[in-house]
Amino acid sequence: MSKAIKLYTHGGPEVLKWEDFDPGSPGPGQVRIRHEAIGLNFIDVYHRTGLYPLPSLPVIPGLEGSGVVEDVGEQVNDVAVGDRVAYAGVPPGAYAQIRCIPAHRLVKMPGEVSFETAAAMMLKGMTARYLIRGCYPVSSGDTILIHAASGGVGSIVSQWAHDIGATVIGTVGSAEKAEKARTNGCEHPILYSQEDFVEKTREITNGKGVNVVYDSVGQATFMKSLACLKPFGTMVTFGQSSGGVPPLELGVLAAKGSLFLTRPSLMTYTEKREDLLEHAADLFDVVQRGVVKITIGQTYPLSDVSVAHRDLEGRKTTGSTILMP
């Protein structure tokens, strides 16, 4: 009998239960895959706590993984038994040794990309792709601000934007994380516990501000992030690790320079099969060319996922974190 993590009620990391699980046979349009590696993401915490509630409980959480196709159901043409595949996004169910999943959510992995790398990069990497190619198309000469610059998404955005020719400013929580961010192309890491990131950003840009802010922190940084933008700048809020952003008087956007504001999601940007394949292809391309290097900072057994959640929430992790089934 294979194993999986099940969530019966919302709460702390202790509600994640390691139990027997029979994935069954794939139905029409589905495949069964045996996971080789599973990605850990902050949205998993939101699902566990109920901040972003999943449609129903009990459920097997997790949105990212890589593995080998074991069986295919009827009406499946894009993948076959033995294919190396990866995915990121709904439906949940990644916290399992074996699972069934709709075939249209899978992408075939290039041979040069390992299972561990794929599980560490699919959700974060495709998020980075829509941030810098969709929400605001970063160009050479732009200046961007990314919060949590040494984290999984932040490190990929920094490398990718730096290769495009943008100047990258990033906030970090420690001197060690500042050095990691710097090696990833973040030319101006700001230690937010020691410096005011608004003042420092204005100093770096000679008072002009940045073209775009990518903010996954939420409540603690949102209003100050707006103050970092130049006129007509774009505010991208794509997470809320510090809590949700309070209701906003939209006149603030006009007062601060006719700003643009968006709250995107990977699920929308990759809902169509062709968009999913385009995001994945762009990500595989920059990784295979060495433009983006995926750093796996931590690895945990899937059975110890509660420990991984505590470390993630406690800001003890850097880069990407993977779970081994």
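Q: Where is the place of T317, and what makes a stretch a helix or a strand here?
A: T317 sits in the loop between helix 10 and strand 15 (320-324). Helices (H or I, at least four residues) and strands (E, at least two) are DSSP runs, numbered from the N terminus. This is a predicted model, in which local features need pLDDT of at least 70 and side-chain atom pairs count only at pLDDT 80 or more, while totals for chains, interfaces and linings use all residues. Residues are numbered from 1 along each chain as its sequence is written, and side-chain values use heavy atoms, with hydrogens and water left out.

Q: Why is T317 called buried?
A: The relative accessible area of T317 is 12%. Buried means under 20%, exposed over 50%, and partly exposed in between (1.4 Å probe, protein chains only). The value for T317 is under the cut-off, so T317 is buried.

Q: Which residues does T317 touch, and what makes a contact?
A: Not counting residues up to four places away in sequence, T317 touches K177, Q298, Y300, D311 and L312. A contact means heavy atoms within 4.5 Å.

Q: Why is helix 1 called roughly perpendicular to helix 10?
A: Helix 1 (residues 42-49) packs against helix 10 (residues 305-313) at an angle of about 110 degrees, and the axes are 10 Å apart. Angles from 65 to 115 degrees count as roughly perpendicular, under 35 as roughly parallel, over 145 as roughly antiparallel, and the rest as oblique. The angle of about 110 degrees therefore makes helix 1 roughly perpendicular to helix 10. The axes are lines fitted to C-alpha atoms over the stretch in contact, with angles from 0 to 180 degrees between N-to-C directions.

Q: Which residues of helix 1 and helix 10 meet, and how do they divide by class?
A: From helix 1, F42, D44, V45 and R48 meet H309, L312 and E313 of helix 10. The contact has 3 nonpolar, 1 polar and 3 charged residues. Ala, Val, Leu, Ile, Met, Phe, Trp, Tyr, Cys and Pro count as nonpolar, Asp, Glu, Lys and Arg as charged, and the others, Gly among them, as polar.

Q: What do P53 and Q75 have that makes each count as exposed?
A: P53 has 54% relative accessibility, so P53 counts as exposed. Q75 has 67%, so Q75 counts as exposed. P53 lies in the loop between helix 1 and strand 4 (64-72), and Q75 in the loop between strand 4 and strand 5.

Q: How far apart are P53 and H10 in sequence and in space?
A: P53 and H10 are 43 residues apart in sequence, and 8.6 Å apart in space from C-alpha to C-alpha.

Q: Which peptide bonds have omega near 0 degrees and near 5 degrees, and are they cis or trans?
A: The bond from L57 to P58 has omega near 0 degrees and is cis. The bond from V90 to P91 has omega near 5 degrees and is cis. P58 is in the loop between helix 1 and strand 4, while P91 is in the loop between strand 5 (84-88) and strand 6 (98-102).
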